[in-house]
Amino acid sequence: MKIVIIHGQSHKGSTYHIARNLADKIGGEITEFFLPRDFGEFCLGCTNCFVDSEKKCPHYESLSPITQAMDAADVIILASPVYVYHATGAMKVFLDHYGYRWMVHSPEGSMFRKQGVCIATAAGAGVKSTLKDMADSLFFWGVARIYQYGLGVAATDWDGVSAKKKAAIDKKTTAIAKKIASRNGKVNPGLKTKGMFYIMRMMQKNGWNSRDVEYWKEQGWIEKNRPWKL
């Protein structure tokens, strides 16, 4: 199994340790990226990815290693500590670059056969909204199964997390890892994801963006092909 972890920070705090712990339990080939170390460019709003091609994005080349790793992965883990009740700016900057991949535009077909995990920690509150920041992108990319785990660790670093909380983390990550492993190779999108896909499919039949319409036709999704079926 191939796993890619996108860390929304460059330091190795509580969020990092939970994400890495989960990946190790799932097992397989693990690739990690740290933001903004490995990518930190702001989206310029040029709309090239929407109306022409993502290859026309000024940051296409620097983002490509992460894009290729996600496309090759079976599991995508997005991990971010809570910064003012939301995901880090580095994580948001990263996700902004994949707006063209949302189902309303030109989603990557392999996403519908992947599993994704969102992980967030906070010293106090804010994990719910932070998880949503990341889960929204996974859902609209078409990721078939999405798991979320957020926790107020009451600490500012991993060493400060209590033994009791670490035991709870160990139990939870073990449970998530087992679910992911049991579905590997046979994951199928749920009704909500498929429902969104069919709504977008109807829109693309008479779409307003020629680039998106052509893309959906090329994939055969306007006809009988479906991205979750090889």
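Me: What makes up the lining of the largest pocket, by class?

Reply: In this predicted model, the lining has 12 nonpolar, nine polar and six charged residues. Ala, Val, Leu, Ile, Met, Phe, Trp, Tyr, Cys and Pro count as nonpolar, Asp, Glu, Lys and Arg as charged, and the others, Gly among them, as polar. The model is predicted, so local features need pLDDT of at least 70 and side-chain atom pairs pLDDT 80 or more, while totals for chains, interfaces and linings use all residues. Residues are numbered from 1 along each chain as its sequence is written, and side-chain values use heavy atoms, without hydrogens or water.

Me: Why is it called a pocket and not a cavity?

Reply: On a 1 Å grid over the protein atoms alone, a pocket is an open set of points with protein on both sides within 12 Å along at least five of seven lines, whereas a cavity is a set where a 1.4 Å probe fits but cannot get out. Lining residues have an atom within 4 Å of a point. By that rule 27 residues line the largest pocket, and Cys49, Glu54, Cys57, His97 and Tyr100 lie nearest its centre. Its volume is about 390 Å³, that is, the space filled by probe spheres set on the points, which are joined across faces, edges and corners.

Me: Which elements give two or more residues to this lining?

Reply: They are α2 (48-51), α3 (60-72) and α8, where helices (H or I, at least four residues) and strands (E, at least two) are DSSP runs numbered from the N terminus. The largest share, five residues, comes from α3.

Me: What makes up the lining of the second largest pocket?

Reply: α5 (127-141), β5 (145-152) and α7 each supply at least two residues, and α5 gives the most, with six. This pocket has a volume of about 260 Å³. Of its 15 lining residues, Ala135, Phe139, Ile146, Gln148 and Lys192 are closest to the centre. Seven of the lining residues are nonpolar, three polar and five charged.

Me: Which residues line the largest cavity?

Reply: Val104, Met203, Gln204, Gly207, Trp208, Asn209 and Asp212 do. The volume of this cavity is about 40 Å³, and the structure holds one cavity of 30 Å³ or more.

Me: How do α7 and α8 pack?

Reply: Helix α7 (residues 191-205) and helix α8 (residues 210-219) meet at about 115°, with axes 10 Å apart. Axes are lines fitted to C-alpha atoms, for helices over the stretch in contact, and angles run from 0 to 180 degrees between N-to-C directions. The contact (heavy atoms within 4.5 Å) involves Phe197, Met200, Arg201 and Gln204 of α7 with Asp212, Val213 and Trp216 of α8.

Me: Why is the pair of arginine 20 and aspartate 24 called a salt bridge?

Reply: A salt bridge is a side-chain nitrogen of Lys or Arg within 4 Å of a carboxyl oxygen of Asp or Glu. Arginine 20 and aspartate 24 meet at 3.1 Å, N to O, so the pair qualifies. Both lie in helix α1 (residues 14-26), four residues apart, about one turn. The structure holds nine salt bridges.

Me: What is the omega of the bond that joins leucine 35 and proline 36?

Reply: Omega is about 5°, and the peptide bond is cis. Proline 36 sits in the loop between β2 (29-34) and α2.
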